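Visitor: I would like a close look at one part of this model. Please keep it brisk.

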Amino acid sequence: MPLINLPAFAGDLLADFERLKTLRVDTPVIQPAEPFLDMAGEDLRRRIFMTESETGESLCLRPEFTIPVCLRHIETATGTPQRYAYLGEVFRQRRDGSSEFYQAGIEDLGDPDTAGADARAIGDAMLVLAHRLPDARLKVTLGDQSVFEAVVAACGLPAGWQKRLIHAFGDQKQLQKLLGELADPKSPGVFGPEVERLAIMGILEDEERLVAHIAGTMEATGYSTNASRSPRDIARRLKEKLELATTRLDKAALSVMREFLAFDLALADAPAALHQFAGRSGLKIEDALSLFDARVAAIAKVGADPGVIRYRAAFGRPLDYYTSLVFEIEVEGTPAVLAGGGRFDRLLTLLGAREHIPAVGFSLWLDRIERAMALAGSAK
């Protein structure tokens, strides 16, 4: 199928990828839908174009390249480290622009030097954008999910709450909503009078009594023969919901969380600020900060301009497979994201790789870059 409306700079971009010692690959436009539905995140899931095979298998038009490139790497049993480049069409519903557009990017798989690979991804993305927009001042926003996860864990929250907060990483409105719930938890009564009665009787605190009560209720109502979950499954889920709803984070811990999420500063200043924060708050987050420090040092070594990179503690990207570094690049003064990426160390194992494969990468939105180039040209 011919590539329609391919930007004129595509050939030069591919030449950049070749100079960066990548292997260009392509993947089928029709993809199995399950990996995207399971791992890509709600923001992408609701914008996917779905279809179905003759056998009933759920399929979709390729909405992005990271998952297909990783699946290809696993299927071809290619060794690591390996750096892949891609350029092709993706299909997803968007608020602005066509639902069929071009993306390009690099996926860096298997490099054990985490900090170095992270820095290379940021540096390469900045380099290829600078080649397209030589007179523009780029703006890089960087976040780190692993530091956020370390802070959440160090605050002593139950596992269920940690999971909820981590899932909301990058969504400032949702994070503030969840912190509000932690500041003002519900009472068991909001779940209905029956749950309130069980709480008064002390049954909710005793799992065996709760399981027996649920089993008796199911038998009395005739529900047990059609139940998709056992009484114990229901009891554990109810206890988990109650724990989530009634957990209170003390004022000091809430203050620590809010102080952390408010960090927005030049990347060069971030390591010292984060270490001072950890010392003041008494949080044991040394491992996460050690990797953060190494990444900042590695970014300086690759020659990326530190003056255009900011660290925002609450910054994330709407893809569930990210595990640590996340970043986006814009032209200063404009809202359009031209490049975005991050680290996804768990993804290849979840997709079926037999061994752990560390991974980081970035994508470029070619239509947005083309518009930015046109604006830059008209401004001259």
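Is F263 buried or exposed, and what is its relative accessibility?

Guide: F263 counts as buried, at 14% relative accessibility. Buried means under 20% relative accessible area, exposed over 50%, and partly exposed in between, with a 1.4 Å probe and protein chains only. This is a predicted model: local features need pLDDT of at least 70, side-chain atom pairs count only at pLDDT 80 or more, and totals for chains, interfaces and linings use all residues. Residues are numbered from 1 along each chain as its sequence is written, and side-chain values use heavy atoms, with hydrogens and water left out.

Now the ring partners. The whole structure holds 9 aromatic pairs. Rings of Phe, Tyr and Trp (its six-membered ring) pair if their centres lie within 6.5 Å; planes under 30 degrees apart are stacked, over 60 edge-to-face, the rest tilted. One of the pairs joins F263 and F277. It is edge-to-face, 5.6 Å centre to centre, with 85° between the planes. F263 lies in the loop between helix 12 (251-261) and strand 8 (264-266), and F277 in helix 13 (residues 270-281), so the pair ties together parts 14 residues apart in sequence. Helices (H or I, at least four residues) and strands (E, at least two) are DSSP runs, numbered from the N terminus. F277 is buried too, with a relative accessible area of 0%.

The picture extends beyond this pair. Ring pairs link F263 and F277 with F148, F169 and F260 into a cluster.
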